[in-house]
Amino acid sequence: MQEVTPQEGLARVQGGALLVDVREQNEYDELHAQGAQLIPLSEFESRYAELPQDQEIVLICRSGARSGRATQFLMDQGYTRVANLQGGTLAWDEAGLPVDRA
């Protein structure tokens with residue numbers, strides 16, 4: 001599984017990658033990486049087909065564990081251009097990257 005730092009993740013998003021947050025709605029509402037699309041892990045298996053297979057996808061959660069599971073799930077479904085963001089939203093925020101807060 002490919003893992004990227006918050007800075008690498010931001011660079012990929014700026015280059016056209018889709019940033020997908022897999023936390024739950026209440027977590028997302030409190031704080032999320034700017035531009036992240038929400039697909040909660042609890043709905044992920046039923047909604048993953050909403051994600052394009054021809055576009056790079058960077059998955060993010062709070063710390064990297066849930067997004068790691070989502071990344072592996074997408075790979076198991078045949079997605080090849082996926083990466084897990086190391087350290088999740090906590091690391092993204094800590095790095096001073098753009099976020100939206102409640």
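Biologist: Is Tyr79 buried or exposed?
Modeller: This is a predicted model, and in it Tyr79 counts as buried, because its relative accessibility is 5%.

Biologist: How many aromatic pairs does the structure hold?
Modeller: There are three aromatic pairs. In one of them, Tyr48 and Phe73 have ring centres 5.1 Å apart and planes at 85°, so that pair is edge-to-face.

Biologist: Where do Tyr48 and Phe73 lie?
Modeller: Tyr48 is in the loop between helix H3 (41-47) and S5, while Phe73 belongs to helix H4 (residues 65-76), so their pair ties together parts 25 residues apart in sequence.

Biologist: And what about the rings of Tyr48 and Tyr79?
Modeller: Their centres are 6.2 Å apart and their planes at 70°, so this pair is edge-to-face. Tyr79 sits in the loop between H4 and S6, so the pair ties together parts 31 residues apart in sequence.

Biologist: Which residues do the ring pairs link into a cluster?
Modeller: Phe44, Tyr48, Phe73 and Tyr79. Phe73 counts as buried at 18% relative accessibility.

Biologist: Changing topic. Which residues touch the most other members in the largest nonpolar core?
Modeller: Of its 16 residues, those are Leu19, Ala33, Val58, Ile60, Leu85 and Trp92. Strands S3 (31-33), S5 (57-60) and S6 (82-85) each supply at least two residues of this core.

Biologist: What is Ala33 in contact with, leaving aside neighbours within four places in sequence?
Modeller: Ala33 contacts Leu19, Ile60, Trp92, Pro98 and Val99.

Biologist: What does the second core include?
Modeller: That separate core has 14 residues, among them Ile39, Cys61, Phe73 and Leu74.

Methods
Residues numbered from 1 in each chain as written. Predicted model: local features only at pLDDT ≥ 70, side-chain atom pairs only at ≥ 80, totals over all residues. Heavy atoms only, no water. Core = buried A, V, L, I, M, F, W, Y, C linked by side-chain atoms within 4.5 Å. Buried < 20%, exposed > 50% of the residue type's maximum accessible area, 1.4 Å probe, protein only. Helix = DSSP H or I, 4+ residues; strand = E, 2+ residues; numbered from the N terminus. Contact = heavy atoms within 4.5 Å. Phe/Tyr/Trp six-rings, centres within 6.5 Å; stacked < 30°, edge-to-face > 60°.
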